Amino acid sequence: MSTGFGATVNVAKPKKGQSVAIFGLGAVGLAAAEGARVSGASRIIGVDLNPSRFEQAKKFGVTEFVNPKDYNKPVQEAIVEMTGGGVDRSVECTGSIQAMISAFECVHDGWGVAVLVGVPNKDDAFKTHPVNLLNEKTVKGTFFGNYKPRSDIPAVVEKYMNKELELDKFITHTVPFSEINKAFELMLAGEGLRCVIRMDE
């Protein structure tokens with residue numbers, strides 16, 4: 001959770017009322033969306049190839065959904081058109097090199113910031129036209145949401161304890177330890193975000 005949430009609040013740093021696109025609506029991406037919600041983003045666009053994730057993403061503040069398969073052009077072009085020039089911030093949480101490029105190319109010229117969270121294949125290359133950089137778009141990367149565990153995580157826990165941060169919605173299933181393999185199956189099928197394993201059974 002801290003990786004996606006931190007990528008938004010610590011690295012992308014959207015201002016209240018800005019637009020944010022989140023690429024990948026798994027647990028990390030939904031944590032990034034939660035960060036955008038907490039930051040006061042007015043428009044949070046969720047981008048994912050799996051339409052079954054869209055309904056759940058609403059709980060995390062996602063206001064609009066884009067499935068790249070629904071377009072006959074690159075998804076970044078669709079997002080630029082639907083936002084009238086691009087989003088203010090984007091956070092990529094898939095590890096797909098194409099999603100990384102799309103996340104960068106969909107931010108607004110002049111002030112747009114894209115944050116890369118997913119880990120790409122070692123042979124992948126990030127390719128974009130140099131004019132995207134000349135147009136003052138910014139790309140950043142992060143590990144663990146730029147949190148220092150010892151000094152920063154207690155503040156995240158405090159936000160949760162003060163009800164400023166909603167973590168309970170990340171728990172989609174609870175299973176006894178005897179069914180731990182079911183938790184892995186749910187995760188691999190993309191049907192569960194986080195599963196609590198009960199040790200009392």
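This is a predicted model: local features need pLDDT of at least 70, side-chain atom pairs count only at pLDDT 80 or more; totals for chains, interfaces and linings use all residues.

Where is Gly145 found? Gly145 sits in the loop that runs between β6 (138-141) and α7 (149-161).

Setting aside neighbours within four places in sequence, Gly145 makes contact with Ser2, Thr3, Gly6, Ala7 and Asn10. For a sense of distance, consider Glu105, which is 40 residues away from Gly145 along the chain: the C-alpha atoms of these two residues are 21 Å apart.

Ser2 is placed in helix α1. With a relative accessibility of 13%, Ser2 also counts as buried. Not counting residues up to four places away in sequence, Ser2 touches Ala7, Phe144, Gly145, Tyr147 and Ile153.

I now turn to the overall division of the chain. There are two domains: domain 1 covers residues 1-146, and domain 2 covers residues 149-198. Their centres, taken over C-alpha atoms, are separated by 22 Å. To the contact between them, domain 1 contributes 16 residues and domain 2 contributes 13 residues.

How much area do domain 1 and domain 2 bury between them? The figure is about 1200 Å², with 69% of it on carbon and sulfur atoms. On the side of domain 1, the residues that lose the most area to domain 2 are Met1, Ala27 and Phe60, which together account for 35% of what that side buries.

Two helices, α1 (2-12) and α2 (27-39), each supply at least two residues of the side of domain 1 that touches domain 2. The largest share of that side comes from α2, with six residues. By class, the residues on this side of domain 1 comprise eight nonpolar, four polar and four charged.

Next, a residue in another helix. Thr83 belongs to helix α4, residues 75-83. Is Thr83 buried or exposed? Thr83 counts as buried, because its relative accessibility of 18% falls under 20%. A polar atom of the Thr83 side chain lies 3.4 Å from the backbone oxygen of Val80. Leaving out residues up to four places away in sequence, Thr83 touches Arg43 and Ile45.

Finally, I would draw your attention to backbone geometry. Most residues other than glycine have a negative phi. Lys13, although not a glycine, has a positive phi of about 50 degrees. Lys13 is found in the loop between α1 and β1 (19-23), and its relative accessible area of 51% makes Lys13 exposed. Glu136, also not a glycine, has a positive phi of about 65 degrees. This glutamate lies in the loop between α6 (131-134) and β6. Glu136 is exposed as well, with a relative accessible area of 54%.

That concludes my presentation, and I thank you for your attention.

How values were computed: Residues are numbered from 1 along each chain as its sequence is written. Side-chain values use heavy atoms; hydrogens and water are left out. Domain bounds come from an automatic or database domain assignment. Contact means heavy atoms within 4.5 Å. Buried area is the accessible area (1.4 Å probe) that two parts lose on being put together, summed over both. Helices (H or I, at least four residues) and strands (E, at least two) are DSSP runs, numbered from the N terminus. Ala, Val, Leu, Ile, Met, Phe, Trp, Tyr, Cys and Pro count as nonpolar, Asp, Glu, Lys and Arg as charged, and the others, Gly among them, as polar. Buried means under 20% relative accessible area, exposed over 50%, partly exposed in between (1.4 Å probe, protein chains only). A polar contact is a pair of N or O atoms within 3.5 Å; within protein, one must be able to donate a hydrogen and the other to accept it, and residues adjacent in sequence count only if both atoms are side-chain atoms.
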